[in-house]
Amino acid sequence: MKKIIAFGASSSKNSINKVFASHAASLVDGSESIILDLNDFEMPIFSVDRQDEFGIPDLAFKFKNKIKSCNGIVISFAEHNSSYTAAFKNIFDWISRIEKDVWYNKPMLLLSTSDGKRGGRNVLKMAYSRISRGITHKIPIFSLPFFYENFKTNVGIIDSDLNLEFKKSLNLFQENLDLYGN
Ligand SMILES: Cc1cc2nc3c(=O)[nH]c(=O)nc-3n(C[C@H](O)[C@H](O)[C@H](O)COP(=O)(O)O)c2cc1C
């Protein structure tokens, strides 16, 4: 059984990105998903001075260990002001101080969704550009616009064209997991 870590890069209690990431992870064959909630990893806002004074918080190590111990990662990004949510960026900043290798070259599926027509495309592009640096295989991405119109609980993506595109990304993630997800 492959272990998949999945989370919405959002701290909203009813995060649609958490729902979408969980859904995607549940479709991966031969795997169990572990769904993370970023609220469980809330830390002081990163600053180099804070790190010098107090060190790196235990929660950052806890998050990093979750990444280290899994076979693959599914993240769905919420977009705030064309960028990462503060909740995700803070965790990213802290874990990037533990060691240079943040994602351990794990197979990843990067997603985004929003209630609007762009589906969080800006943040997904930004995340792909940053995260793909140092990853040796192709990272699949997919952005779902108009979440409330295009997604139904227990069904998934109901628009057939969007679902086809999503499945292509999911299949590449599955292939990468089989090849590199040890
Ligand atoms: C402070 C804030 C800024 C936002 N900025 C954007 C934005 O730049 N682009 C966008 O498409 N949606 C933006 N949104 C809408 C969110 O993408 C939308 O609320 C989405 O549901 C968030 O996903 P979540 O439910 O997983 O948190 C913003 C929402 C908030 C609260």
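Visitor: Which classes of residue make up the shell around the ligand?
Guide: The shell has two nonpolar, 11 polar and three charged residues. Asp, Glu, Lys and Arg count as charged; Ala, Val, Leu, Ile, Met, Phe, Trp, Tyr, Cys and Pro count as nonpolar; the others, Gly among them, are polar. This is a predicted model: local features need pLDDT of at least 70, side-chain atom pairs count only at pLDDT 80 or more, and totals for chains, interfaces and linings use all residues. Residues are numbered from 1 along each chain as its sequence is written.

Visitor: How many residues surround the ligand, and which are the closest?
Guide: The ligand is surrounded by 16 residues. The closest are Ser10, Ser12, Ser15, Asn17 and Ala78. A residue is near a molecule if its C-beta atom, placed from the backbone, lies within 6 Å of it.

Visitor: What is the strand order of the open sheet?
Guide: The five strands run in the order E2-E1-E3-E4-E5, with parallel pairing. Strands are DSSP runs of E, at least two residues; helices are runs of H or I, at least four; both are numbered from the N terminus.

Visitor: What makes a strand an edge strand here?
Guide: An edge strand pairs on one side only, and that holds for E2 (31–35) and E5 (141–144). On average, neighbouring strands of this sheet are turned by 20 degrees against each other, direction ignored.

Visitor: How do you know that E4 and E5 pair?
Guide: Pairing requires at least two DSSP bridges between the strands. E4 (residues 108–113) and E5 have four bridges, in the parallel sense. In one of them, threonine 113 has leucine 144 of E5 as its partner.

Visitor: How many bridges join E3 to E1, and how many join E3 to E4?
Guide: Six bridges join E1 to E3, and five join E3 to E4. Both pairs run parallel. Phenylalanine 77 of E3 stands opposite alanine 9. In E4, the bridge partner of phenylalanine 77 is serine 112.

Visitor: Why is E3 called largely enclosed?
Guide: A residue is buried if 20 or more other C-beta atoms, placed from the backbone, lie within 10 Å of its own; 12 or fewer make it exposed, and anything in between partly exposed. Six of the six residues of E3 are buried, so the rest of the structure largely encloses this strand. In a regular strand, side chains alternate between the two faces of the sheet. In E3 both faces are covered: Gly72, Val74 and Ser76 are buried on one side, Ile73, Ile75 and Phe77 on the other.

Visitor: Which strands does helix H1 lie across?
Guide: H1 (residues 16–26) lies across E1 (2–9), E2, E3 (72–77), E4 and E5, at about 160 degrees to E1. Contact means C-beta atoms, placed from the backbone, within 7 Å. Angles run from 0 to 180 degrees between N-to-C directions of axes fitted to C-alpha atoms, for helices over the stretch in contact. Helix H5 (residues 121–131) lies across E3, E4 and E5, at about 160 degrees to E4.

Visitor: Which elements make the right-handed β-α-β unit?
Guide: E3, helix H4 (residues 86–95) and E4 make this unit. With the strands pointing away from the viewer, a right-handed path from the first strand over the helix to the second runs clockwise.

Visitor: Why does lysine 68 count as exposed?
Guide: Lysine 68 has 12 C-beta neighbours inside 10 Å, so it counts as exposed. Lysine 68 belongs to helix H3 (residues 58–68).

Visitor: What is noted about the phi of tyrosine 104?
Guide: Most residues other than glycine have a negative phi. Tyrosine 104, not a glycine, has a positive phi of about 55 degrees. Tyrosine 104 sits in the loop between H4 and E4, and it counts as partly exposed because it has 14 C-beta neighbours inside 10 Å.

Conventions: Two residues are in contact if their C-beta atoms, placed from the backbone, lie within 7 Å.
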